[in-house]
Amino acid sequence: MITRINPPELGSPPGYSQIVEVTAGRIIFIAGQTALDRDGNVVGSNDFAAQAEQVFRNLTIALEARGCTPANLVKLTVFLTDMDNLGPYREARNPFFASVTPPAAPAVTLVEVSKLYGPDFLIEIEAIAAA
C-alpha cells in the first residue's frame with residue numbers, strides 16, 4: 001500500500017508528493033536511467049526533450065519488467081545538467097505520471113549537476129517503486 005501525503009503546512013507541490021508512506025511486500029530500486037536505447041546508443045544528443053522522453057521510456061520498461069507501472073513509484077531522484085531544462089523535463093514527466101489513474105505522484109528530488117557519467121547525457125533519473 002502506498003499513501004501519498006501533502007500536509008497543508010508544507011504546501012501542495014506541482015506534480016509530486018511531499019511524503020510517501022509505503023507498506024509493501026516488495027521494494028524495487030531502479031538504477032539511474034539515461035537516454036540510452038536498447039543497443040546502448042545515445043538518443044537525442046544535444047536534444048534535452050528527446051533525452052527526457054527516452055529516460056521515461058526506459059523507466060517504463062524497468063517498471064514493467066517487475067510488473068509495475070508509474071503508480072508504483074514512491075521516489076524519483078532527477079539529475080539535470082542544466083536547470084533551464086526544468087520546463088522540458090516536466091513536459092516529458094507529466095504524460096508519464098498521467099499514464100495511470102490516479103496520476104503518479106512520487107516524492108521527487110531534482111538537482112542540477114555539473115555532468116553525468118557520459119559526456120552526451122543531459123538527464124538521469126533513478127527510481128524506487130513499491131509493490
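Is arginine 57 buried, exposed or partly exposed?

What you have on screen is a predicted model, where local features need pLDDT of at least 70, side-chain atom pairs count only at pLDDT 80 or more, and totals for chains, interfaces and linings use all residues. Residues are numbered from 1 along each chain as its sequence is written, and side-chain values use heavy atoms, with hydrogens and water left out.

Back to the opening question. Arginine 57 is partly exposed, because its relative accessible area is 41%; buried means under 20%, exposed over 50%, and partly exposed in between, with a 1.4 Å probe and protein chains only. Arginine 57 belongs to helix 1, residues 48-65. Helices here are DSSP runs of H or I with at least four residues, strands are runs of E with at least two, and both are numbered from the N terminus.

Four strands make an open sheet with mixed pairing, in the order 3-6-4-5. Strand 3 (27-33) and strand 5 (107-112) are the edge strands, each pairing on one side only. Two strands count as paired if DSSP finds at least two bridges between them. From one strand to the next, the twist averages 10°; for angles, axes are lines fitted to C-alpha atoms, for helices over the stretch in contact, and values run from 0 to 180 degrees between N-to-C directions.

Let's look at strand 4. Six of its eight residues are buried, so strand 4 is largely enclosed by the rest of the structure. Strand 4 runs parallel to strand 5, joined by six bridges. Along that pairing, phenylalanine 79 has valine 111 of strand 5 as its bridge partner, and threonine 77 stands opposite threonine 109. With strand 6, strand 4 pairs in the antiparallel sense over seven bridges. There, leucine 80 has isoleucine 123 in strand 6 as its bridge partner. As a reminder, strands of a sheet pair through backbone hydrogen bonds, either parallel or antiparallel.

What about the helices? Helix 1 lies across strand 3, strand 4 and strand 6 (123-130), at about 25° to strand 6. Helix 2 lies across strand 4, strand 5 and strand 6, and runs at about 155° to strand 4.

Which residues does asparagine 85 contact, leaving aside neighbours within four places in sequence? They are Phe48 and Leu80, where contact means heavy atoms within 4.5 Å. Asparagine 85 sits in the loop between strand 4 (73-80) and helix 2 (86-98), and it counts as buried because its relative accessible area is 18%. Proline 88, in helix 2, is 40 residues from phenylalanine 48 in sequence and 7.3 Å from it in space, C-alpha to C-alpha. Proline 88 is partly exposed at 27% relative accessible area.

Two backbone details are worth a look on your screens. The peptide bond from threonine 101 to proline 102 is cis, with omega near -5°, and proline 102 is in the loop between helix 2 and strand 5. Then there is asparagine 46, a residue other than glycine with a positive phi, near 65°. Asparagine 46 lies in the loop between strand 3 and helix 1, and it counts as exposed because its relative accessibility is 71%.

Let me finish with the segment after strand 6, where we find alanine 131. Not counting residues up to four places away in sequence, alanine 131 touches several others, including Ala24, Ile28 and Cys68. Its relative accessible area is 36%, so alanine 131 is partly exposed. Alanine 131 and isoleucine 5 are 126 residues apart in sequence, with 18 Å between their C-alpha atoms.
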